[in-house]
Amino acid sequence: MAEKSIKKNYIYSVIYQLLTIITPLITAPHVSRKLGADGIGIYSFTASVVAYFTMVAALGTARYGQREISYSQNDIERRSSYFWKIEILSCISTFICAIAYIIYILFNKANSDIYFVQIFSVIAVAADISWFFQGMEEFGRIIRRNVFFRFINIIFVFGAVKSKEDLIFYVAGLSTITLISNLSLWPSLYGVIKKPTRDNLKFLDILPEVFTLFIPSVAISIYTVLDKIMIGIITDSAFENGYYEQSLKISRMIMAIVTSLGVVMVPRIGHYFFEDKIDEVKQYMYKSYRFVWFAGIPLCFGLCGIASNFVPWFFGNGFDKVVPILQVSSFLILAVGINNVTGTQYLIPTKRQNLFTLTVVTGAAVNFVLNYFLIKRFQSVGAAVASVAAESVIAVYQLFIVRKELDGVEILKSSAKYLLSGLVMLVGILCVGNTLTPSLGHLIMLIIIGGILYIIMLLLLKDSFAVSQVTNGLLILKKKKIR
């Protein structure tokens, strides 16, 4: 099989992550006006319940499937066998969860009609085979599908949702589009897998490993909502949760630019690991760490620097407290970026998901303890500090686990030039930003100034990665002019 372009697949992955974030931003104002706060509240609550059913229905099949298919990129017999085993297991778990979901609806009379139409979201889990194409590193196929159905989603929302009475139609439409979107990938399987055989039906042998990948999914799910639950209980303030939620939305959106590389690298690392090409695995790992420093540091420091200008312009009056929360949570970009490389890109493809789970559970425990003390004193800002500390603990713990395979000192040393350049950029943004009033124009100006300062510093420090990227860019421009 021809080796896929990591750069191209990374761009595809970023596009997908941005589409996931941007689509709700486009439709949110229209939906808010037409359905009202109560309608959105009903959908938000019911969808959060449905999410737990879909999480259990999926088990750990997506992560397991992506990994096993990456091992089988050059072996149609093996990947066909694993595809059918995983898909049969997914269908059985989805069927069980669908029955449990129907029983839940029967005993839960409130909003039963809204719950019922979301049964398609549960069924869609069994139809989702995007993990197969991720394992094959066919990200372009997935992105083209997603772009098309995102546009269908937007057209549906603006064309069909006219009033509060359309809530059930809105929910049913979103669930149905999800199901159809997942089914649309199935014709692409023609020629890349073989028909199932009797041996393919013996899925019980993969169940233990699938379950070990399900545990971290549950731990992460609990971990990600822990902050909000504790803020609500300890502060008894909806405002504090609102401030925290808004800051997380922004930091996670920026974080997607860094973590999108992980989606692309997992199948490549898995493929090389299966073929026992350990030197190639290490080479790609060090490149991934360097990319996190190169992209994560300016995004982290830049978000921290523009927060005081961005928040008043974007959120309006009454959200001043989002500024310090956003400045703290911006450091999640680096912490999550590093543990995404070590955990998702390395531990899982190399079949050490139990160690990965241990690090996530450790991080959750640290988060819980720090939340208890910091939220009492600093409210939502304390929760942000606890999250950064917990993610940092996970990052350090994971690096400790792989210390005999990957040189932690080398990984940290590779950040030096990016840290220095990032600090210069941050000082420049803060100095200029303090003289400007919050506005879109001034925000764009700060971003441009920060970007120029960062690149100039890296060129002055003769960073090989930055120099090669700038050189390649100039060569491309030169070729276009010649044409």
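1. How many helices and how many strands make up the secondary structure of the chain? The chain has 18 helices and zero strands, where helices (H or I, at least four residues) and strands (E, at least two) are DSSP runs numbered from the N terminus. The radius of gyration is 23 Å, close to the 23 Å that the globule rule gives for 483 residues, so the chain is as compact as a globular protein of that length; the radius is taken over C-alpha atoms, and the rule is 2.2 Å times the number of residues to the power 0.38.

2. A word on the basis of these remarks. This is a predicted model, in which local features need pLDDT of at least 70 and side-chain atom pairs count only at pLDDT 80 or more, whereas totals for chains, interfaces and linings use all residues. Residues are numbered from 1 along each chain as its sequence is written, and side-chain values use heavy atoms, with hydrogens and water left out.

3. On the overall dimensions, the C-alpha trace spans about 65 × 55 × 55 Å along its principal axes. The accessible surface comes to about 23000 Å², of which 69% belongs to carbon and sulfur atoms, the areas coming from the Shrake-Rupley method with a 1.4 Å probe and, for residues, only the protein chains shown counting as cover. Of the 483 residues, 49% count as buried (buried means under 20% relative accessible area, exposed over 50%, and partly exposed in between, with a 1.4 Å probe and protein chains only). Among contacts with a separation of 6 or more, 84% are between residues 24 or more positions apart, contact meaning heavy atoms within 4.5 Å.

4. Arg145, in helix α7 (residues 139-160), deserves a careful look. The residue is buried yet has no salt bridge, and the nearest side chain of opposite charge, that of Asp128, is 5.0 Å away. A salt bridge here is a side-chain nitrogen of Lys or Arg within 4 Å of a carboxyl oxygen of Asp or Glu; Lys and Arg count as positive and Asp and Glu as negative, while His and the chain ends are not counted. The side chains of Arg145 and Asn146 are joined by a polar contact of 2.7 Å (a pair of N or O atoms within 3.5 Å; within protein, one must be able to donate a hydrogen and the other to accept it, and residues adjacent in sequence count only if both atoms are side-chain atoms). Leaving aside residues up to four places away in sequence, Arg145 touches Ser130, Ser181, Asn182, Ser184 and Leu185.

5. Helix α2 (residues 61-71) is mostly covered, with nine of its 11 residues buried, among them Arg67 and Glu68. The side chain of Arg67 makes a polar contact of 2.9 Å with that of Gln353, a residue of helix α14 that is buried at a relative accessible area of 5%. Beyond four places in sequence, Gln353 touches Arg67, Glu209, Thr212, Leu213, Leu347 and Ile348.

6. Tyr372 also lies in helix α14 (residues 353-401), and at 38% relative accessibility this tyrosine counts as partly exposed. Its contacts, not counting residues up to four places away in sequence, are with Met230 and Ile234. Tyr372 and Leu420 are 48 residues apart in sequence and 35 Å apart in space, C-alpha to C-alpha.

7. Leu426, in helix α16 (residues 416-433), is buried, with a relative accessible area of 16%. With residues up to four places away in sequence not counted, Leu426 touches Phe301 and Gly305.
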